[in-house]
Amino acid sequence: MDLSTREFWALIHGLVLGGGFLLAFAGGMAGLYSLKPELVTEAGLTERIRRLVAGTTAMAVIAWVTVITGTWIVYPWYREDSPTSPRSVLLDNPDTADWHEWAFEWKEHIAWLAPLLATAAAFIVLYYRADLIKNQTARKVALGLFVAAFAVAAIAGILGALVTKNASV
Amino acid sequence: MDSADSPRDAAAQAGPGPSGGTAAMPKPNGPVAAAMLATGIGALVLGILTVLNEASEGIHDFLEWSERVGPLSGVTSLAVIAFVLSWGALYGGLRDRDLPWRPVIVATIVLLAIAVVLTYPPFFELFKSE
């Protein structure tokens, strides 16, 4: 069983980084949601903030690596000027053209909002650190940005998976 | 959430930290506002360039920084540059300031919502040049 270079990078972009993103989101989400004075002791706060910084920073870094590998490594194979490229295959058939014209066109743009949102969320956590527990408005803003980053990435990821099901690199 | 509260008000509402000690004066929220607004600006630039790429052949060619990637290379690179530069500029202007949360949150949401509309294919294809 062999993986071609294209299959390897599609796997890294879609599954490895996507899985890491999901894991970092779950950790960061749990940490941010429950960061309330009545739920955390002082000793617990130090450990909780360390995990929160790791989770939110990891999600931001993974989001950047995912869009950069997707745009600069995988996307050129998708769009190459050949009759067998996924883009050409999808556009050749009127029944599948929308997978490119709607799904992929939206995915390739909206995905880039995820690293911007995730970076802002991570910055709020890094800026306030333990003080975040005393500033519930900032915690809610970070939570909103964090969830928005995940939502955007989920749209892009689902569309990417559906496009790949119809024509893969 | 009473988003009109400043961070200092929020700290006063929260009272002492888990240790029970007196709450110290919190950090100003200017740097956070800068990050939020820069996110909105970067997203808006992404959206505007997506529409301009469809509307103008000249802009389409300008945005093709890489032949393999096509105009998406210029669109996304310029959006990231706008994000970084606007964050730096806003950080410099706001780092010591304490702003009301509500206008910053509303402005960020509006910028992001416009960006989502501008990057939605049925919308940006309305501007497709012949």
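Where in chain B does Pro28(B) lie?

1. Pro28(B) sits in the loop that links helix H1 (7-14) to H2 of chain B. Helices here are DSSP runs (H or I, at least four residues) and strands are E runs of at least two, numbered from the N terminus. With 17 C-beta neighbours inside 10 Å, Pro28(B) is classed as partly exposed. For reference, a residue is buried if 20 or more other C-beta atoms, placed from the backbone, lie within 10 Å of its own, exposed if 12 or fewer, and partly exposed in between. Pro28(B) and Asp96(B) are 68 residues apart along the chain, yet their C-alpha atoms are separated by 6.1 Å.

2. A word on how to read this model. It is predicted, and local features need pLDDT of at least 70, side-chain atom pairs count only at pLDDT 80 or more, while totals for chains, interfaces and linings use all residues. Residues are numbered from 1 along each chain as its sequence is written, and chains are lettered from A and ligands numbered from 1 in the order in which they are written.

3. Let us turn to chain A. Chain A has 6 helices and 0 strands, and its elements run α-α-α-α-α-α from the N terminus on. Along its principal axes, the C-alpha trace of chain A spans about 60 × 35 × 20 Å. Of the 169 residues in chain A, 47% are buried. Among contacts in chain A between residues at least 6 apart in sequence, 80% join residues at least 24 apart; a contact means that two C-beta atoms, placed from the backbone, lie within 7 Å.

4. Next, look at a helix pair in chain A. The axes of helix H1 (residues 5-33) of chain A and H6(A) come within 11 Å and cross at roughly 155°. Axes are lines fitted to C-alpha atoms, for helices over the stretch in contact, with angles from 0 to 180 degrees between N-to-C directions. H1(A) and H6(A) are therefore roughly antiparallel (over 145 degrees; under 35 is roughly parallel, 65 to 115 roughly perpendicular and the rest oblique). Residues of H1(A) in this contact include Gly14(A), Phe21(A) and Phe25(A), and those of H6(A) include Phe146(A), Phe150(A) and Gly157(A). By class, the contact of H1(A) with H6(A) has 11 nonpolar, 5 polar and 1 charged residues. Here Ala, Val, Leu, Ile, Met, Phe, Trp, Tyr, Cys and Pro count as nonpolar, Asp, Glu, Lys and Arg as charged, and the others, Gly among them, as polar.

5. What covers the buried residues of H4(B)? The cover includes H2, H4 and H5 of chain A, together with H2 and helix H3 (57-63) of chain B. Among the buried residues of H4(B) are Leu72(B), Phe83(B) and Trp87(B).

6. Finally, the chains meet: 35 residues of chain A are in contact with 37 residues of chain B. H5(A) gives the most to the side of chain A that touches chain B, with 8 residues. That side divides into 21 nonpolar, 6 polar and 8 charged residues.
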